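Here is a short report on helix packing and backbone features. Please read it alongside the model.

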Amino acid sequence: MLHNFLWRGPDRITRNTIKGRKEKGGLGMPDINTIYKATSINWIRRYCDKSIDHPWKLFFDKTLKPVGGKELLLKCNFKVNLLNQQITGFLNSMLTVWSELTKEIPPVINNRRYRKPIIWNNKDILISGKSVYFPEFEAVGFVYVEQLFRDGHKMNWNVVHGRGVPQSSTLKWFGLMSAIPKNEMGLEGDAQQTDTLLTFGKEAVRLEECTTRNLTQKIIENQFINPRSEIYHIHQFNIYIDCWEPFYRIPLIATIDTKLREFQYKILHNIITTNVNLFKMKPPRVESAQCTFCESEEETMLHLFYKCQHVEMFWENLFMLWGRKMNLR
Ligand SMILES: [Zn+2]
């Protein structure tokens with residue numbers, strides 16, 4: 001709806017750019033989906049915050065007990081509908097957002113492996129179509145997939161039993177071992193995941209730092225796509241520009257007139273409609289791509305605003321006036 005209002009037609013700048021900060025070429029457009037995600041994670045943060053005490057947490061604790069409780073679950077590579085426990089309503093939507101935002105976690109960040117695959121609630125380790133959590137195995141220290149192997153071989157049941165897992169769990173053990181997919185077997189991590197983390201690109205954020213505002217910003221920054229026009233301008237003027245911020249600031253500091261700001265913004269994003277664009281349309285909206293004023297060259301943006309003989313005069317006068325004001329001539 002917001003985008004319809006903005007363009008009155010199809011989008012002309014990609015949405016992941018429009019959502020971005022103004023200094024980077026975006027418009028800071030509010031994005032309902034991102035706000036929803038950030039709010040959900042913020043609720044998880046409040047749920048895990050021990051300094052906030054409230055009865056609603058007890059309901060969640062009770063629901064999550066069969067999957068090992070929140071501390072374990074949030075570190076697992078889970079999928080809500082594969083969990084061996086029915087989770088509904090608000091908790092379901094919160095956890096769904098969480099698993100969506102963590103599913104892309106690259107295993108290595110800054111040379112540290114943050115995510116050793118955890119056996120429990122793992123969406124890739126399924127028995128009868130559900131992920132599993134066996135507390136009696138966790139109690140004796142089985143958490144990570146790598147712990148199920150020794151020298152590349154599956155661990156012997158007698159060893160596991162010797163550690164204190166009751167004999168009655170034999171079948172669970174064999175079920176578990178046959179459920180481990182081949183590509184998970186060799187994965188070893190060098191760092192234990194002690195914090196509950198969300199990652200954005202190469203940056204990891206601890207759950208405690210996940211406020212709604214902080215997260216909205218991170219999600220948007222992570223999805224942000226640099227305006228395509230930057231490449232166009234670099235080619236057009238044959239210059240390399242490292243930092244675009246000053247350019248995007250121009251419309252914000254030069255004027256408060258919205259029409260002028262809009263106009264400048266369109267120039268920066270190369271979405272001004274010229275005869276060249278109109279001619280390319282199917283069917284063409286103009287008879288030729290030539291300049292409306294001089295009719296001697298193609299009407300590109302550069303021609304229309306700078307090279308055309310009709311505007312040359314304007315620039316000359318402006319530079320003269322400017323030079324006089326600044327005492328340059
Ligand atoms: Zn012209």
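Helices (H or I, at least four residues) and strands (E, at least two) are DSSP runs, numbered from the N terminus. This is a predicted model: local features need pLDDT of at least 70, side-chain atom pairs count only at pLDDT 80 or more, and totals for chains, interfaces and linings use all residues. Residue numbers start from 1 along each chain as its sequence is written.

**Domains**

The chain is split into domain 1 (117-188) and domain 2 (275-329). These bounds come from an automatic or database domain assignment. The C-alpha centres of domain 1 and domain 2 are 71 Å apart.

**Helix packing**

Axes are lines fitted to C-alpha atoms, for helices over the stretch in contact; angles run from 0 to 180 degrees between N-to-C directions. Angles under 35 degrees count as roughly parallel, over 145 as roughly antiparallel, 65 to 115 as roughly perpendicular and the rest as oblique.

| Helix pair | Axis separation | Angle |
|---|---|---|
| Helix 3 (residues 32-48) and helix 6 (residues 89-102) | 9 Å | about 105° |
| Helix 3 and helix 11 (residues 212-223) | within 8 Å | roughly 135° |
| Helix 13 (residues 245-254) and helix 14 (residues 258-268) | within 8 Å | roughly 160° |

Two residues are in contact if their C-beta atoms, placed from the backbone, lie within 7 Å. For residue classes, Ala, Val, Leu, Ile, Met, Phe, Trp, Tyr, Cys and Pro count as nonpolar, Asp, Glu, Lys and Arg as charged, and the others, Gly among them, as polar.

Take helix 3 with helix 6: the axes pack at about 105°, so the two helices are roughly perpendicular. Helix 3 contributes Lys37, Ser40, Ile41, Trp43 and Ile44 to this contact, and helix 6 contributes Ser93, Met94, Val97, Trp98 and Leu101. By class, the contact of helix 3 with helix 6 has seven nonpolar, two polar and one charged residues.

Helix 3 also meets helix 11, at roughly 135°. That angle makes helix 3 oblique to helix 11. Helix 3 passes helix 11 in a right-handed crossing. A crossing is left-handed if the near helix is turned anticlockwise from the far one by less than a right angle, and right-handed if clockwise. On helix 3, Thr34, Ile35, Lys37, Ala38, Thr39, Ile41 and Asn42 make the contact; on helix 11, Thr212, Leu215, Thr216, Ile219 and Ile220 do. The classes in this contact are six nonpolar, five polar and one charged.

Helix 13 and helix 14 cross at roughly 160° and are therefore roughly antiparallel. Their crossing is right-handed. Phe247, Tyr248, Ile250 and Pro251 of helix 13 touch Arg261, Gln264, Tyr265 and Leu268 of helix 14. This contact has six nonpolar, one polar and one charged residues.

**Backbone features**

A residue is buried if 20 or more other C-beta atoms lie within 10 Å of its own, exposed if 12 or fewer, and partly exposed in between; C-beta atoms are placed from the backbone.

Arg8 is not a glycine, yet has a positive phi of about 50°. Arg8 sits in the loop between helix 1 (2-7) and helix 2 (15-18). Arg8 is exposed, with 7 other C-beta atoms within 10 Å.

Asn270, also not a glycine, has a positive phi of about 55°. Asn270 lies in the loop between helix 14 and helix 15. Asn270 is buried, with 20 C-beta neighbours inside 10 Å.

Asn277 belongs to helix 15. Asn277 is partly exposed, with 17 other C-beta atoms within 10 Å. The C-alpha atoms of Asn277 and Thr300 are separated by 8.3 Å, with the residues 23 apart along the chain.

The Lys282 to Pro283 peptide bond is cis, with omega near -5°. Pro283 lies in the loop between helix 15 (275-280) and helix 16 (301-307).
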